[in-house]
Amino acid sequence: MKKTTIWRLCAVLLAFGLLGAACGSDDGDSSATTAAPAPAATEAPADPEPEPEEEMAEDVTLRVLVHQNPPMVEFMEAFNESFEASHPHITIDLSVVEAGDLSIATQTRLSAGDIDVVGIFGFSNAAQAYMSGAVPPNWQTLIEAGLLMDITGQPFVDNYDEATIADAGSFNGKVYSINLGRVSYSGMFVNKDLLAANGLDVPTTWGELVTACEVVKAAGNECMTVGGADGWPVFVGAYGLLGAMYPDQEALVEGLWTGDITWDNDQSVEMFRRMQIYTSDMLEEGVTGLSHDAGPPRYAAGDVAFMPTGVWQAPALESAEPDFDWTYVPFPGSDNAEDNQYLFGKYDQGWAIAADTPHPEAALAYLEAFSAPDNYQAFANAVGFIPTQPTAVLDTHLGREVAPFLANYRVGFEQYWVAPAGAGQWANGSQAAAWFSPFNEWTDHVALASQAQADLQAGLDAN
Amino acid sequence: MPAPPPLINSSESTGRMKIVTRDYLFARGWKSAAPILLLLPGFGLYLLIAVGPSLATAVYSFTDATGIRGIAINWLGFENYDEFLFRGAASRDNIAALRRTLIFCFFVTTIQFCLGLLLAVLLNTRLRGRTIFRTIFFMPVILGVAIQGLIWKLFLLPGGGPVAEMFSWIGWSSEFLGGQPRQAFAWVIVVQIWANVGITMVIFLAGMQTIPESLYEAARIDGASGWQLFRNVTWPLLTPAVNTNFLLNIVGSLQAWQLFLVLIGYRPGTQVLGYLVFAEGFGQTSGSVSSAFRQGYAAAASIALFMLVLIIALAANAFVSRREKKYLS
């Protein structure tokens with residue numbers, strides 16, 4: 001072997017070494033080296049006012065993560081443009097991921113220090129004292145890991161109502177998120193024209209709903225549609241039925257854990273029976289192939305009487321057919337109209353800031369601008385959320401339709417439920433609507449109720 | 001008759017050519033380290049990218065790791081394995097997922113292997129337009145899983161999709177991916193085969209093109225029929241390609257899960273073990289809200305999957321080795 005060969009070999013190895021070093025030295029945005037030091041984990045900047053010259057004058061790219069929701073993303077793009085115009089040194093880098101992938105993207109990007117502002121759903125599913133062996137929810141783990149900034153005392157937090165901040169954005173007395181709106185998922189859209197054409201009123205009891213479905217189907221129309229291809233819209237569509245049977249959903253979760261309530265008691269079996277009717281008889285054929293996003297255009301065609309789903313579908317429905325005459329009412333799951341007056345739902349999108357963001361000032365400025373009452377009002381109008389700022393009103397078609405029920409708004413089962421470790425796949429009976437044919441194999445509601453309780457009990461017994 | 005050319009390690013030379021001697025590449029002394037030095041970067045990358053994470057997964061499987069930076073990781077011993085295999089009704093679902101994985105592997109391996117071989121035989125003839133057909137059959141391989149899934153979601157729309165339309169001609173109807181778990185599962189098998197049969201076909205084709213034409217000519221002179229040509233010439237000499245495809249199909253189908261995610265999502269009665277690992281590790285088990293990230297538990301599940309793949313792959317390897325000896329030794 002000649003000396004030149006040895007040298008070439010060494011040069012190749014050196015090149016590999018340099019390549020490795022170059023790959024490993026990326027510490028993100030170059031501006032990070034000149035930015036103010038990040039605040040300690042879970043703490044707000046000691047003083048948001050100082051050092052405007054150094055920090056705020058630097059060109060900053062603020063990385064923002066949200067989940068896919070067409071009206072919201074459209075609003076965000078417009079808001080970002082306006083924010084960049086008023087803050088010329090800040091550029092917004094907006095990432096949009098599917099709602100189901102938000103928690104994965106949030107966790108990985110927070111852990112990698114690759115995000116500044118994250119969209120985060122309202123805090124829910126906290127492990128309660130009676131939940132033996134329950135694993136804490138993801139948002140709690142993120143806070144305990146010091147990955148979310150403590151924004152307690154920031155002026156913009158006061159723009160939101162206290163209950164929202166306490167229920168959906170706080171942990172151990174500190175605020176980590178501002179929540180931007182509540183949504184209801186337990187109601188249904190009602191096609192007023194179709195009901196009127198068939199001489200029907202908006203149903204207020206289960207019996208009236210069954211009758212209305214029979215009448216519209218006899219007239220050659222469809223009773224209900226829902227985005228069944230995505231799975232979850234099927235059981236979310238039946239959350240109103242669950243709410244009508246068990247109006248105190250927090251108590252329902254506790255009862256299931258303590259054994260005071262079971263999925264196979266008489267009341268639950270009746271609920272399972274009605275869920276089967278909803279799935280097998282009320283939903284139109286072919287919904288197994290209809291995606292959630294395709295639901296509103298299908299419904300706006302006008303030949304379907306009801307679409308049980310969340311209020312977040314209202315903008316898409318209006319966009320699909322502006323002249324379509326609809327209202328939104330609680331799903332009448334009970335024979336007693338008094339039980340059918342509640343809207344159940346959840347705190348939806350919120351904002352949180354990464355604790356180790358290299359641009360805390362810019363991130364806080366972003367949230368402050370977003371929380372300005374005018375901007376927030378425009379956001380609420382765009383996405384159809386029930387506002388969480390007391391000065392805002394839902395001045396839309398949806399807002400007017402749900403106004404009579406807002407006094408009866410309650411957080412739903414989905415936000416309280418935590419499955420015991422070791423519970424089987426049928427343990428969450430609130431999803432039973434999606435387990436009946438044609439979506440799954442069950443055709444006997446009594447057998448399914450019994451299986452749901454057995455799967456739950458197996459988990460309870462294992463802890 | 002001229003003498004055969006000397007071996008490469010010979011130090012002699014002929015009048016026709018200068019022979020490259022062994023000590024050019026593998027010299028004595030410290031120079032002999034050259035091959036090792038050349039291998040080092042690749043070996044280092046292999047350790048870093050393949051062996052390291054595998055060992056880390058094995059270690060994580062004994063902990064309550066969440067994958068979230070800043071959270072303490074606690075040693076649990078065999079608790080994750082105990083929960084995965086024996087605890088409550090969830091263990092029943094895990095075993096069912098394991099059984100489903102084996103069923104998936106059996107059908108995908110069998111059908112993909114046979115279909116790939118059939119296509120290769122057909123496209124190894126002087127068929128007109130065979131290059132176009134080879135391209136068409138191979139094309140799904142280069143598509144990403146998300147694209148493959150989206151294409152088939154459109155094909156399989158229950159209301160008016162192309163497949164539903166064809167079914168209606170013969171009086172059939174199906175809910176396809178959104179319907180009964182068994183139906184949905186069967187359709188994922190179909191898509192998995194469609195997505196990967198191209199690579200099976202190409203490996204067979206490559207194997208067939210190494211078989212000397214003279215063997216076929218000799219067999220034809222002896223009066224061999226088409227089936228006899230395949231049975232006695234093609235099949236034995238295709239042994240390396242057969243073995244490669246057999247192992248690749250088994251391992252690939254045991255590890256498959258992405259198509260389940262894209263086509264079905266997390267639905268009771270449809271998960272395979274690979275999807276279970278993903279769902280547990282990234283909080284996707286609730287069906288709607290995000291559940292906790294249980295990456296230690298998911299690591300235990302992935303070790304169970306690894307053991308399954310290892311046992312089946314070792315058995316398959318022993319089988320194909322025997323077969324190789326039988327035909328090629």
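1. Basis. The model is predicted: local features need pLDDT of at least 70 and side-chain atom pairs count only at pLDDT 80 or more, whereas totals for chains, interfaces and linings use all residues. Residues are numbered from 1 along each chain as its sequence is written, with chains lettered from A and ligands numbered from 1 in the order in which they are written.

2. Overall content of chain A. Chain A holds 18 helices and 14 strands; helices (H or I, at least four residues) and strands (E, at least two) are DSSP runs numbered from the N terminus. Of its 463 residues, 51% count as buried, a residue being buried if 20 or more other C-beta atoms lie within 10 Å of its own, exposed if 12 or fewer, and partly exposed in between, with C-beta atoms placed from the backbone. Among contacts in chain A with a separation of 6 or more, 79% are between residues 24 or more positions apart; two residues are in contact if their C-beta atoms, placed from the backbone, lie within 7 Å.

3. Five-stranded sheet. Chain A has an open sheet in the order β2-β1-β3-β13-β6, with mixed pairing; two strands pair if DSSP finds at least two bridges between them. Because β2 (90-97) and β6 (178-179) of chain A each have a single partner strand, one side of each is left without a neighbour in the sheet. Strands β3 (117-121) and β13 (349-353) of chain A run antiparallel and are joined by five bridges, with A:Phe121 and A:Gln349 as bridge partners.

4. Helices on that sheet. Helix α3 (70-86) of chain A lies across β1 (60-67), β2 and β13, at about 170° to β2(A). Helix α15 (360-371) of chain A lies across β1, β2, β3, β6 and β13, at about 55° to β1(A). Axes here are lines fitted to C-alpha atoms, for helices over the stretch in contact, and angles run from 0 to 180 degrees between N-to-C directions.

5. Four-stranded sheet. A further open sheet of chain A has the order β9-β10-β8-β11 and mixed pairing. Its edge strands are β9 (222-224) and β11 (326-330) of chain A, and the twist averages 20° from one strand to the next. Helix α8 (206-218) of chain A packs on this sheet, touching β9 and β10 (304-308), and its direction makes about 145° with that of β9(A). Strand β8 (187-191) of chain A pairs with β11(A) in the antiparallel sense over five bridges; there A:Val190 has A:Thr327 as its bridge partner.

6. Strand β12. In β12 (343-347) of chain A, five of five residues are buried. This strand pairs antiparallel with β7 (182-184) of chain A over three bridges, and three bridges join β12(A) to β14 (409-411) of chain A in the parallel sense. A:Val183 stands opposite A:Lys346, and A:Phe344 opposite A:Arg410.

7. Contact between the chains. The contact takes 46 residues from chain A and 43 residues from chain B. Helices of chain A that each supply at least two residues include α1 (3-24) and α18 (445-461).

8. Details of chain B. A kink of about 25° lies at B:Ile136 in α5(B), shortly before B:Pro140; the bend at a residue is the angle between axes fitted to the seven residues ending there and the seven starting there. B:Gly281, found in helix α13 (273-281) of chain B, is buried, with 23 other C-beta atoms within 10 Å. B:Gly281 touches B:Phe293, B:Arg294, B:Gln295 and B:Ala298, not counting residues up to four places away in sequence.
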